[in-house]
Amino acid sequence: METEGKKRVWEEYQKEIADDHYFYVRSCIRQTFFPGSETTFLKILQNDLKKDVFEDARHTTCTGIGYHTDIVPLETTMTVIARHFALMTEAGYVNIIPSCVTSFGLYTEVLDTWRHFPEIEAKIREYLWKATKREFKVPENLVHTSDIIYKFRNRIKDLSKVSLINKKTGLPLNVVEHIGCHYSKMFPQSGVGGAEFPAVLTGMIEAWGGTVIDYPERRHCCGFGFRQYLVKANRGYSVSNSKKKFESMQPYQPDFMVANCPGCSMFLDRWQYTIAEMEGITYDSNGTGIPVLTYEEMAGLVMGYSPWDIGLQMHQVSVEPLLDKLGIEYKKEDKYLGSNGQNIGEPQKPMFLIV
Amino acid sequence: MAINSQHIVIIGGGPAGLEAASCLGTAGYRVTVLEKEKQTGGKLLIWDKLFPEFRNSDKVLNHLSNGFKTNPPQILTNAEVVSVIPENGQHRINLRDGQAFQADTVLITTGFKLYNAEKKEEYGYQIYENVITSFDLEKQLKTGNPIRIEAGLTPRRIAFIHCVGSRDIKSGNIYCSRTCCITGVKQAIEIKRRLSDAEVFNFYMDLRMFGQNFEELYIEAQQKWGVTFIRGRVSEIAENKDNSLQLKAEDTLSGRPIKMSFDLVVLLAGMVPEPRTVEIGKSAGLEFTSGNFLAGLDSHISQNETNTPGIFIAGTCREPLSVAETLTDARAATVKMISWLRENETSHKKPLIKRDND
Amino acid sequence: MGKLYDRLNQDIRFIEGLNGCLNCGVCTAICPAAEFYHYDPRVICATVQSKDEKMIEALIRSETIWYCGECMSCKTRCPRNNTPGFVIMALRKLSQELGYFTDSEKGRQQFAIKRAIGGNILRTGYCVNPDIVSPQMHPEQGPVWDWISMNTPEIMKKMGSNYKQAGVGGMRAIAPEVLEELDRIFEVTGCYTLFDTIEKHSKHKANELGIEISDEGIGNEYFMTVYTENNGSHNG
């Protein structure tokens, strides 16, 4: 593989990422499944990089999952997003950073549609005024939170305590990166590196010492498919798409996966468990599965944060094999303790997947 | 023979320029050919065999130089034209090195450039080592050496991908490059001739077999050589661990997505205008087609004349054409040029070069 | 009621999504749904493009339009800048507006999604929160999720979330006045009209099938039926 060719592709897709003063909007899925990731993101931005990140308690879901399951009309979603623009405007910010890739994709789509059809923007302004008496300016800079970490990857490297290197062998870890479909497949120009060879996670991984695996099904969807996961009868769609990716990446023996989309990172974790229990298969050589990190968790580990503070105990696939490779010290017995160190019980062991 | 003193400059010494030079020379005109490379012949120098009868490209090159037996043109190589400026009813042709030529009429035959297949990112050209273009393959065929992939092995499964950078709004080229279809058929047969055990596939949207004996060649590829044709545009190419390539398309005739692996993938990259053609065209005030080729005055009756009187165009600088069509087009252009020169001879402001019997 | 094609053409996603399809198949080639279901986004575009009213009606009454996962991978590749995923969204909207969605097993699931996700948005201000991911309904979430479900407030606290509390932070309680704003947006922008349409046709279908259906919530037989039913005829 020729990396020079990839670099030429990346040069085509350099997007502007604001340097500071961000209006932050959270992700429903991220808050539910890996809430430590958003906390870690804010800690890195605010405490370590001294950036101004503002959160308004009045922001809500963007309705993205409702929109992409077709129960929420486009006008409704646009108006809810317009309300977030209004909150941003009221707070005196111009840079908006959604934590969710579905939200980021929708915000991008909404702004693109308004550019092509100004009459729709005018209609949405009317709706918002009628419903909430709010007005807004469109953001000057819209980027996903993974773009922010990408932008500061070298600063993070300077502050880092851990590299993505196998401590025993001294070799870079093999990393599978997974980009959420709605990050750049709809609007390649909106993603760092475009749609075919996105650089947003690759940039972090390489800056922090790891090697990226380009496996044949790299670009394939994790299989969320909105209604295809949410409705129990359809879940075969979801698991079979993830399975296809696992089978494709297996020969490269990845040390871990990392995703920039809240849904993807959860599914890539959970479906390994499901497949292990249903079929007795894992995609690593030890029966523990391939650990999956969010990019915030990856950044947190690099920054030297404790694995149990950033929430790695909320993963079904054990992260300990990865922590061992990274040479990160941790106490196994602390993994499932409560906020004050109290015992709150432990998860049961799966039948097949080794934890 | 009597040499007409009117001076014709032909920009570009490829098949169109050379064919036009020999016609105009035979008709008694004084012709200068300006070729930017160190050698004339254009893309014919790259091409090994020509469709549909697998004639060696040398034969056409020989034909072209044979045309110069009477009244040969003056040929300048390493002569890169940067602009053509109207001047006193004539045209001033400026070269990169500062030289300038004066001409009564100009024929632009600057040819085409191969579409930069890197721009179709999903195919991984220049990223995945066993993805090559039809040009790359042709160069390899021309060496006469056995066909090998990057690792030095003999490829067993080879795919040809049609419409790379053609019929593709996203890549900026809406038009059809026309000759890639038959090139894919020709090159598939050449591979089968050399590697009879290889499995060869063509992935296409439509096979536009417009020329004489093209359809026959397509049938031959299927029946005699066992080349497989799948109607579906390739959606993506990815690299497997062994550096073979995984290709995804839909077999649109059976309506199913397909995923196949190949040792070698050949991209049939389309034709785009040479950047310097655009530069020259702009300097001369010419109009362009939607694909940024040089535009003829009328798409039916005067393809070779332009909106600037005295400037003519021929060959693939005005639209994608085959070699045969390019030669025909060049000859057609010369007829229009001769008519124009005759019409403009009497009203010529500049005195003609004095002949002995004047 | 105008022609179906004309009604599709009023949807901005349809206008943006279909600019003349040349039937090349790049969308189907990489479509996650096409690999899993009897599904071909290219054929959907060809059918709609035909403007054949009978075929369009059959399509929006069919299982087919519900197979797409809206990953939008098709948008990246199309050489004509089409988005079959947008075409699907317009077809689904029309299918719901006309009540045709209850003709298909996959279409009937809209009722479950409306009750679960739609209800959750209005109740909590989130599409998804821990409360609606019950281990019973989500066995694939595994024992770690069971443990999280049993200890949600404590684990959320440990993760630095502001679980169900006022103020900023993860999984915070969304204030009643904010939910009222959402409610008014849903009213003004026609979301409730769509909700009512889904409810009306679903109730009609439930009665027709003789399955119990409640006025709200997910604790009814019709919900469980459409949520779990799979006749096994959708795949290749």
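A crossing of two helices is called left-handed if the near helix is turned anticlockwise from the far one by less than a right angle, and right-handed if clockwise. The model is predicted, with local features requiring pLDDT of at least 70 and side-chain atom pairs pLDDT 80 or more, while totals for chains, interfaces and linings use all residues. Residues are numbered from 1 along each chain as its sequence is written, and chains are lettered from A in the order in which they are written.

**Exercise 1.** Describe how H3(A) packs on H15(A).

*Solution.* Step 1: identify the helices, which are DSSP runs of H or I with at least four residues, numbered from the N terminus. H3 of chain A spans residues 35-48 and H15 of chain A residues 295-302.

Step 2: take the geometry from axes fitted to C-alpha atoms over the stretch in contact, with angles from 0 to 180 degrees between N-to-C directions. The axes lie 8 Å apart, at an angle of about 50 degrees. H3(A) is therefore oblique to H15(A), a class left over once angles under 35, over 145 and from 65 to 115 degrees are set aside.

Step 3: assign the hand; H3(A) passes H15(A) in a left-handed crossing.

Step 4: list the contacts, meaning C-beta atoms, placed from the backbone, within 7 Å. Ser37(A), Thr40(A), Phe41(A) and Ile44(A) of H3(A) meet Glu296(A), Glu297(A), Ala299(A) and Gly300(A) of H15(A).

**Exercise 2.** State how many residues chain B and chain C each bring to their contact.

*Solution.* Step 1: count each side; chain B supplies 16 residues and chain C 18 residues.

Step 2: find the leading element on chain B. Strand E16 (residues 245-251) of chain B gives the most to the side touching chain C, with three residues; a strand is a DSSP run of E with at least two residues.

Key: Contact = placed C-beta atoms within 7 Å.
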